[in-house]
Amino acid sequence: MRKILIVCPICNKSKRIPVPESIFHIEEGSLLKIPIKKNTICSHEFILIIDYNFSIRDYEIDKDEIKRIQQIKKKNEDLSIFDIVI
Ligand SMILES: [Zn+2]
């Protein structure tokens with residue numbers, strides 16, 4: 001079985017995971033969506049879109065997850081402003 005290296009689009013952690021059998025049946029030029037569950041690679045959940053060549057084309061991230069990341073980002077930005085003030 002073939003394994004592909006998947007990189008989390010959120011935290012950049014990576015792991016090799018075996019590809020599902022269905023990838024062998026997709027037609028040339030078409031794409032396959034693979035849901036990556038929590039704790040498969042890291043604590044994030046996202047959908048991986050790969051093509052028939054096993055290359056990663058895109059990611060779909062849950063909207064709530066994006067919101068959460070933006071909140072964390074905002075917090076970090078606030079902190080950096082605070083740092084400058086000090
Ligand atoms: Zn992650």
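## A pair across two strands

Let's start with one spot: phenylalanine 46 sits opposite isoleucine 61, which belongs to S5. Before going further, keep in mind that this is a predicted model. The two strands in question are S4, covering residues 46-51, and S5, and they pair in the antiparallel sense over 5 bridges.

Phenylalanine 46 has another link to S5, this time through its ring. The aromatic count here comes to 1 pair. Its members are phenylalanine 46 and tyrosine 59, with ring centres 5.6 Å apart and planes at 75°; planes over 60 degrees apart count as edge-to-face, so that is what this pair is. It links distant parts of the chain, since phenylalanine 46 is in strand S4 and tyrosine 59 is in strand S5, 13 residues apart.

## The overall layout

Stepping back, the protein has 1 helix and 5 strands. Going along the sequence, they come in the pattern β-β-β-β-β-α.

Of the 86 residues in the protein, 22% are buried. As for contacts with a separation of 6 or more, 35% of them join residues 24 or more positions apart.

## The three-stranded sheet

S4 and S5 are part of an open sheet of 3 strands, in the order S3-S4-S5, with antiparallel pairing. Strand S3 (31-36) and strand S5 (56-61) are at the edges with a single partner strand each, so one side of each has no neighbour in the sheet. From one strand to the next, the twist averages 25°. As a bit of background, strands of a sheet pair through backbone hydrogen bonds, and they can do so in parallel or antiparallel fashion.

Strand S1 (residues 3-7) and strand S2 (residues 14-18) pair in the antiparallel sense, over 5 bridges. Take leucine 5: its bridge partner in S2 is arginine 16.

Together S1 and S2 form a hairpin, and 6 residues lie between them. In that turn, asparagine 12 has a positive phi of about 70°.

## The zinc site

Which residues hold the zinc ion? Its protein donors are Cys8 (SG), Cys11 (SG), Cys42 (SG) and His44 (ND1), at 1.9 to 2.3 Å from the ion. The angles among the 4 donor atoms run from 104 to 118°, and the site is tetrahedral. For reference, the ideal angle for four tetrahedral donors is 109.5 degrees.

Along the chain, the donors are spaced as C-x2-C-x30-C-x1-H. Cysteine 11 is in the loop between S1 and S2, and cysteine 42 is in the loop between S3 and S4, so this pair ties together parts 31 residues apart in sequence. Cysteine 11 is partly exposed, with a relative accessible area of 33%, whereas cysteine 42 is buried at 7%.

## A look at histidine 44

Histidine 44 also lies in the loop between S3 and S4. Is histidine 44 buried or exposed? Its relative accessibility is 9%, and buried means under 20%, so histidine 44 counts as buried.

Setting aside neighbours within four places in sequence, histidine 44 is in contact with Cys8, Ile10, Cys11, Ile36, Lys37, Lys38, Glu65 and Arg68.

Key. Residues numbered from 1 in each chain as written. Predicted model: local features only at pLDDT ≥ 70, side-chain atom pairs only at ≥ 80, totals over all residues. Heavy atoms only, no water. Pairing = 2+ DSSP bridges. Helix = DSSP H or I, 4+ residues; strand = E, 2+ residues; numbered from the N terminus. Axes fitted to C-alpha atoms, helices over the stretch in contact; angles between N-to-C directions. Donors = N, O, S within 2.8 Å, 3.2 Å for Na, K, Ca; no water. Tetrahedral: all angles 85-135°; square planar, octahedral: opposite > 155°, others 65-115°. Buried < 20%, exposed > 50% of the residue type's maximum accessible area, 1.4 Å probe, protein only. Phe/Tyr/Trp six-rings, centres within 6.5 Å; stacked < 30°, edge-to-face > 60°. Contact = heavy atoms within 4.5 Å.
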